[in-house]
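User: I would like to go through this structure with care, one question at a time. Please keep the cut-offs in view as each term comes up.

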2 protein chains.
Amino acid sequence: MKIVCSKNILVKGVNTVSKAVPNKTTMPILECILIDASTDIIKLTANDMELGIETTIDGEIKERGIIALNAKIFSEIVRKLPNNDVTIETDISSQTIIKCEKARFNIAAHSGDDFSYLPDVKKENSITLSEFTLREVIRQTIFSISDNDTNKIMTGILFEINGDILKVVTLDGHRISIRKIELGNTYPSQEVIVPGKTMTEISRIIGGNIEDKVDISFSANHILFEFDETTVVSRLIEGNYFNVNQMLSNDYETKIKIAKKDFLDCIERSVLLIKEGDKKPIVVDIVDDSMDVKMKSQIGSMNEEINIIKEGRDLQIGFNPKFLSDALKVIDDEEVDLYFMNSKAPCFIRDENQSYIYLILPVNFSSIS
Amino acid sequence: MKIVCSKNILVKGVNTVSKAVPNKTTMPILECILIDASTDIIKLTANDMELGIETTIDGEIKERGIIALNAKIFSEIVRKLPNNDVTIETDISSQTIIKCEKARFNIAAHSGDDFSYLPDVKKENSITLSEFTLREVIRQTIFSISDNDTNKIMTGILFEINGDILKVVTLDGHRISIRKIELGNTYPSQEVIVPGKTMTEISRIIGGNIEDKVDISFSANHILFEFDETTVVSRLIEGNYFNVNQMLSNDYETKIKIAKKDFLDCIERSVLLIKEGDKKPIVVDIVDDSMDVKMKSQIGSMNEEINIIKEGRDLQIGFNPKFLSDALKVIDDEEVDLYFMNSKAPCFIRDENQSYIYLILPVNFSSIS
């Protein structure tokens, strides 16, 4: 095999597919990037068997062939080369020579024979989103997946398509995040659970432009993302997702409207008093048109009053401050509405047409005076 | 005590003195910042007994007093406060209240009685440098101090004043870095060894403007830096520095002139083949007007040819690549001159008037073909 392509194109391609290279594995071939120049195009592929990424790059094929190179070494070398054309050449002994200007590297290569190509996913039920929308919806939900593998389903993100609505849901047992997106077209109903890791890597690869589109296709076991020159295939998490609708409610006894930034800043100040690993609730005390936020720990105490607009009853309720700030951080509205039933029932942060719903369970607290 | 000052001024002051707060200590008072408002000015001080920093901040003293606050907690709180006036108030129980807008923190304070103020250094033999020059000379020499405490003197930086020349020297047993600076005035001879940590912290605090000046004074055991509203006092390292002059030589058998960036880029590529913790030499092979740079490891091999202008004999010599790149990185010249005697003798990188001299010992290498 002998190919020539510009350094910058090569770096971009290698960075893209590297996201599917596992950090730790006992199989050296999984640590590789496959360069496939066996046809008229140059394809780079990495595949950890859960997540696979493939991208095509522009370049000249001087001699057809396939080779697998250790991803870490290959990407480090490529990144440090001069900004010029790079030649990658393999001889029969599967030594690979990487040349650029006067620099010449010689590294060992693996045969491409053991490499697992991406599974074939039929592109039947495809939906289209802008890169911007996909990246936003990942950011707005992924923080409330569980990182604990004991319940695999909680480590995933639910994609539910119903008519022209895409609903994206995550939950971790203490909170639920829901975002709804209008698709513009009507599609057959679909419900898949995508591993959180897949979505994290996707949001690192896609550009995030509102004009650039991502096509998403589904099969029984896989989800396929296509954008630019890149294809990402991920296994789905098997099983049925939780019945989230039965956990939601529109009833409330107390509703407050609050300036998001004031509330978020206040929470971020309060957590300064929490030592790492410690669990301390933030207590909010709603009285008339004012909310007193309180925190107390070994280090000291803080309190802060924030103006609100209240409907309904006064209330004192405690929360894990991180759960509140995680949700507030991903809401773009300057003012948010919080709905409460009582100090034992979940709090809902949602907008009027419920394009977002964040459910947060309260925690017990000993009254802070 | 009760003082009021703007958040931004407080943050700047706290950041400055925090550099003298030790990470680990068994004495809680050393982890504190002292707020001294016992006279007409507000002084912040931190002192780990090796290095002490004091700075004055603008503010209003409503009630005189002195208090010591845990530096980490205090600085985190101050940084997160709204951009407005901050009130710090202590009652008799030495609880401290920090207020800003509607936020109110209550944290424990220490009495200032146990706090060690900075030692008094007589300002007799002072020299003046620009902040820019001081920061540059630290950056250009500090990388070759030893981080091994077995020879304390090697962990320090030599400041040697002779007439109107300041010479700054570091060495670690494998290399020597020397920078000479013209002071503009003539001063009495001085020779002090300043702890590397002091100089690192100084370069983090000073602004680096060429117009802003730093006054440096010396006593038998201390060095004092004064700039802006800030005073830094550090203990000196006791003992006599190495006789560096007898390690230098102007003789050479081979001299090369090389484009610094080409050489540096090449070295940085070569080290990609070295696994962490591994020691592999970079071998340079000087033949006529070309230098071949080679590296070989388990991962693979690389070589690169660089154009040079050579005087004297051909030579093959090996180096620790990091020692070469450390020196090249801090030289601003686009072309550098390297002087060699033979493959066992030190290499010198120096400019014509010897405003900088970098001595690097070679390493053994098995010939790489």
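User: How many salt bridges are there between chain B and chain A?

Analyst: This is a predicted model, in which local features need pLDDT of at least 70, side-chain atom pairs count only at pLDDT 80 or more, and totals for chains, interfaces and linings use all residues. Residues are numbered from 1 along each chain as its sequence is written, chains are lettered from A and ligands numbered from 1 in the order in which they are written, and side-chain values use heavy atoms, with hydrogens and water left out. A salt bridge is a side-chain nitrogen of Lys or Arg within 4 Å of a carboxyl oxygen of Asp or Glu, and Glu268(B) with Lys80(A) forms one at 3.6 Å, N to O. Between chain B and chain A the count is two salt bridges.

User: Which element gives the most to the side of chain B that touches chain A?

Analyst: Helices (H or I, at least four residues) and strands (E, at least two) are DSSP runs, numbered from the N terminus. Helix H2 (71-80), strand S9 (103-108), helix H5 (260-270) and strand S19 (300-312) of chain B each supply at least two residues of that side. With seven residues, the element that gives the most is S19(B).

User: Which strands stand at the edges of the eight-stranded open sheet of chain A, and why is one side of each left without a neighbour?

Analyst: The order of this sheet is S6-S2-S3-S4-S15-S14-S13-S10 (chain A), with antiparallel pairing, where two strands pair if DSSP finds at least two bridges between them. Because each edge strand has a single partner strand, one side of each is left without a neighbour in the sheet, and these strands are S6 and S10 (125-130) of chain A.

User: Which residue is the bridge partner of Asn125(A) in S13(A)?

Analyst: S10(A) and strand S13 (residues 213-218) of chain A pair in the antiparallel sense over six bridges. Within S13(A), the bridge partner of Asn125(A) is Phe218(A).

User: Is Met154(B) buried or exposed?

Analyst: Met154(B) lies in the loop between helix H3 (131-139) and strand S11 (156-171) of chain B. Leaving aside neighbours within four places in sequence, its contacts (heavy atoms within 4.5 Å) include Ile145(B), Leu171(B) and Phe242(B). Buried means under 20% relative accessible area, exposed over 50%, and partly exposed in between, with a 1.4 Å probe and protein chains only. Because its relative accessibility is 16%, Met154(B) counts as buried.
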